[in-house]
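I opened this entry to look up charged side-chain pairs. I wanted to know where they sit and how accessible their partners are.

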Amino acid sequence: MAKWFPHIYDIAMKPLEKMRFERIRANLVRQAQGKVLEIGFGTGANFHYYQDVERVDAIEPNPAMSKQANKRIQKTHTPIYTYQAKAEELPFEDNRFDTIVATLVFCTIPDPEKALQEIRRTCKVGAKILLFEHVKMDQKMMGKTQEALTPVWRKMCDGCHLNRDTLKLVKQSGLEVQKVTSYYGGLFLTIECCNSL
Ligand SMILES: C[S@@+](CC[C@H](N)C(=O)[O-])C[C@H]1O[C@@H](n2cnc3c(N)ncnc32)[C@H](O)[C@@H]1O
């Protein structure tokens, strides 16, 4: 893992956040309710958008990222409990969560299918799963460019895959996809799902 990545993450993201991401995050995260799990919380960019939730359990495997989140946790009134853990092995019992949130994470998770199984295991029937991800684009040339750039990009950006088809993986996981909204020509998607058994 590039050691500098956690330190430059917030600075590098600032222009994107200001342009559009803040609104996208706010609209998505404000739908969370009850007991919430956030996956790969990074520097805690979503924490101040939670409203009226019971609590947020938030996992992040990289301590250098989660260290940056401490100030954000102190500033929010939401009870946030953090854990050093991976999405593929969630340290929670079955049927615990009402909402699961993951933003800009599925591109980086080494085994996204296992992570989706863990999401289904730990959330209740009827739970909401709220994702905001960059994905492989449908447009052929763009998709090919993403394929070509991924090996170098992965090395530079903490294991991030530009070519991940997260929507396809989510559909294959058995989650019911209820709403997909596309941004920047399909480079970014919000994916709202339900764990309907
Ligand atoms: C691009 S950052 C996004 C951080 C934050 N969610 C956001 O929206 O700004 C990707 C995050 O996924 C985390 N990550 C990597 N592998 C993971 C895994 N197996 N399980 C959960 N999170 C993981 C990384 O440590 C990193 O913090």
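My notes on the salt bridges follow.

The model is predicted. I began with the total: the structure holds 9 salt bridges. Side chains of opposite charge can pair when their charged atoms come close.

Entry one: D10 and R72. I found their side chains joined in a salt bridge, 3.5 Å from N to O. This pair links distant parts of the chain, 62 residues apart. D10 lies in helix α1 (residues 5–29), and R72 lies in helix α2 (residues 63–75). Next I checked accessibility. D10 is partly exposed, at a relative accessible area of 28%. R72 is partly exposed too, at 29%.

Entry two: E54 and K35. Their side chains meet in a salt bridge, 3.5 Å from N to O. Here I noted another link between distant parts of the chain, with the partners 19 residues apart. K35 is in strand β1 (35–39), while E54 is in the loop between β1 and β2 (55–59). I read 48% relative accessibility for E54, which counts as partly exposed. K35 is partly exposed at 27%.

Is R96 buried or exposed? R96 is buried, because its relative accessible area of 18% falls under 20%. E93 is partly exposed, at 45%. I then followed the shared partners. Salt bridges join R96 and E93 with R55 and D57 into one network.

Terms used:
Residues numbered from 1 in each chain as written. Predicted model: local features only at pLDDT ≥ 70, side-chain atom pairs only at ≥ 80, totals over all residues. Heavy atoms only, no water. Salt bridge = Lys/Arg side-chain N within 4 Å of Asp/Glu carboxyl O. Helix = DSSP H or I, 4+ residues; strand = E, 2+ residues; numbered from the N terminus. Buried < 20%, exposed > 50% of the residue type's maximum accessible area, 1.4 Å probe, protein only.
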